[in-house]
Structure formats: C-alpha cells, structure tokens
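Visitor: I have this one open on my screen. Can you take me through it? Start with whatever terms I need.

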Amino acid sequence: MRLESVFITGADGFVGLHVLRVLAARGARVQGAGPGGPPVLPLAGWHVADLRDPDAIAAAIAAARADVVIHLAGQSSAGRSFEIPEETFTINTVGTWNLLEAVRRGAPRARVLIVGTGEVYGPQPEGTRVTEDAPFAPVSPYALSKAAADALAESHGRRGGLDVIRTRSFAHIGPGQTTRFVVPTFAEQIAAIEAGRSEPVLHVGNLDVTRDLTDVRDVVRAYLALIKGGKSGAAYNVCRGEGVKLTEVVRMMIARSRVPIRVEVDPARLRPADVPYLVGDASAIARDVGWRAEVPIERTIDEVLDEWRARAGGGS
C-alpha cells in the first residue's frame, strides 16, 4: 500500500499534526476533516465535517477519493469521559460508525486505519503484558466507547468487506499534547514554577499506576507501517512493551527542574476509576511490520519540558 492519497480525521489534533508533518515531507497528497478550520500545515484539501453528522462525513469521504483513511478524531481523554460520558460515546462510537459507513459507500477500496486504545483491556495483573486476544474490561466511558468502536471496525471488515486495520494504542506522549494528559500538565506546572509564576508545588493525581508510554513520533511510524504492511482485519497493540510508574515519571521530571519542587496530591485530579497496571505486548506489530518503539522516554520528557518552558517564556 503506497501512501499517496490520504484522508485524515482529527488532522488538527495531537497525533494528527505529527502524521501530517511526516506525510507532507514524503510528498503525499493529504486531505483532512474536522468541525473547524484547517490546521496551519500544507494540505491538499480540508473538509468541514463533524463525525456526528453522517451526511457531512459521507460527503467529505466521497469528495476526497483517497486510497487511505486514518481515523484519529475523537474524545481522547479518559478522565474527561467521566464528565461527558454521552458525548464521548457519541463522538467515539457513533462517529466511527458514521465514518465506516461513509467509507463503505464512498470509498470501498480504501485501506482504513481505526485508532483505538489499550485502555479497552482494563486492569491487568502486575508484571504481565496484555496481548490482542485478551478480553476487554473497560473501566471508563472513554474505554467503553473505544471498545465499541473496535467491534464496529472489526465487523465492517469481516462482514462489510472493508480493508480495515485496528490499533489498540497505549499511552503516548510528546510535543504538542494538551494538558488534559498527565505529562504535559506536569510540564506546564514545572515551567510555571521555574518562571516564578507559581508556588513550588507540583499538583498531581494518582501516581500509583503503571503505564506503557511511547513517544508520539514512534506511534506515527507504527501507524504508517501498519497501513503499508499490516494484515487486513487484524488488531495491533501499539506500545513500548515496558511499564513505568507515574511516580518514576514525576521523579524524572522534577530531577530536570531548575528549582526545588515538592509534590502534593490534588483530590480534584483523581479519577472515579483508574487502571492500576496496564502494559502491552508489542510482538504482533513487530512480527508483521518490524516496528518497535525507539525514542527513549527521557528524550521525550526533555522535549516536552522544553516546549512548556518556551511557552512560559523561560526558553529551552
């Protein structure tokens, strides 16, 4: 599969912008869709379309005439999903249905990458790596919505004849991520403290959890490798395959701070339900397309801190 004509939902989001940059550098013809205006990057076309509007997304798919569809759009915060469960389900599940139906009718020969989450697996035993054949046990409205979207994508491939690949992407971090996620919210606070704008206290939620963290640029490489060589109908974990406690992430970030900082738990940052341990097994993606995570977490943390220092006026 050649990446020449690509349609991306969520092209203006965290991962979407990184995908756009890579594809633009490769000379691909990229079109995007979203409810607002286009991102400030070279695009062959932009379609104003909300995933909750089936007619709008169908018109966008039909007009794009793309060979590849990458579905990145959605409500991506598990924490926020407890506040807006219905909206999360509508965007992530109904929106995926609308997209798949639009492809089935308007671009049935396109290869489709449906990006999901490792959170569909729910809590796992300490020290294990979860594989793609594990049952789903979602604990948040976000994870539940993505589990349903995964099932819809599998069904459209098996019964609808679409060339669909699914991912279960574990937590990923890097420059450009919003403060709805833990690493950038820590970086934002540290940068503000270093700039003298906040008291020297890092406010955190539950740090007694283990996550599988991958750099967003490695994740983009995984998606493009799967589009080129992944097995149609298959689901793939996209992950490093190694766990790190959030306490260790905070320790690394504070060690890089230019001023002393103490840590305090903020009850408002605690989720109603959490996953204590979740680490993925990346054997399938390594076997089928030769991908593995390469960017060290320390480098990613350095770059995220420098990004927020620049925003705070502290330089890099």
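Guide: Pairing first: two strands pair if DSSP finds at least two bridges between them. Helices (H or I, at least four residues) and strands (E, at least two) are DSSP runs, numbered from the N terminus. The model is predicted: local features need pLDDT of at least 70, side-chain atom pairs count only at pLDDT 80 or more, and totals for chains, interfaces and linings use all residues. Residues are numbered from 1 along each chain as its sequence is written, and side-chain values use heavy atoms, with hydrogens and water left out.

Visitor: Fine. How many bridges join S1 to S4?

Guide: There are 4, between strand S1 (residues 5–9) and strand S4 (residues 68–71), and the two run parallel. Valine 6 has valine 68 in S4 as its bridge partner.

Visitor: And what stands opposite valine 6 in S2?

Guide: Valine 30. S1 and S2 are parallel and joined by 5 bridges. The chain goes from S1 through H1 to S2, a right-handed β-α-β crossover. Right-handed means that, with the strands pointing away from the viewer, the path from the first strand over the helix to the second runs clockwise.

Visitor: What about S2 and S3?

Guide: Parallel again, with 4 bridges. Glutamine 31 is partnered with glycine 45 in S3.

Visitor: What is the strand order in the whole sheet?

Guide: S3-S2-S1-S4-S5-S6-S11, an open sheet of 7 strands with parallel pairing. At the edges are strand S3 (45–48) and strand S11 (235–238), each pairing on one side only. From one strand to the next, the twist averages 20°. Axes here are lines fitted to C-alpha atoms, for helices over the stretch in contact, and angles run from 0 to 180 degrees between N-to-C directions.

Visitor: Why call S2 largely enclosed?

Guide: Because 5 of its 6 residues are buried. Buried means under 20% relative accessible area, exposed over 50%, partly exposed in between (1.4 Å probe, protein chains only).

Visitor: Now helices. Which strands does H1 lie across?

Guide: Helix H1 (residues 14–25) lies across S1, strand S2 (29–34) and S4, at about 170° to S1. Helix H7 (residues 216–229) lies across S4, strand S5 (111–117), strand S6 (163–169) and S11, at about 140° to S5.

Visitor: Which residues of H7 are buried?

Guide: Val216, Asp218, Val219, Val220, Ala222, Tyr223, Leu224, Leu226 and Ile227.

Visitor: Switching to asparagine 92. Buried or exposed?

Guide: Asparagine 92 is buried, at a relative accessible area of 1%. That residue is in helix H4 (residues 85–106). Its side chain makes a polar contact of 3.0 Å with the side chain of serine 145. A polar contact is a pair of N or O atoms within 3.5 Å; within protein, one must be able to donate a hydrogen and the other to accept it, and residues adjacent in sequence count only if both atoms are side-chain atoms.

Visitor: What else is asparagine 92 in contact with?

Guide: Leaving aside neighbours within four places in sequence, the contacts of asparagine 92 include Gly74, Gln75, Tyr142 and Ala149. Contact means heavy atoms within 4.5 Å.

Visitor: And threonine 93?

Guide: Threonine 93 is buried, with a relative accessible area of 6%. Ser145, Ala148 and Leu152 are among its contacts beyond four places in sequence.

Visitor: Last one: where is alanine 312?

Guide: In helix H10 (residues 297–312). Alanine 312 touches Ala191, Ala195 and Arg197, not counting residues up to four places away in sequence.
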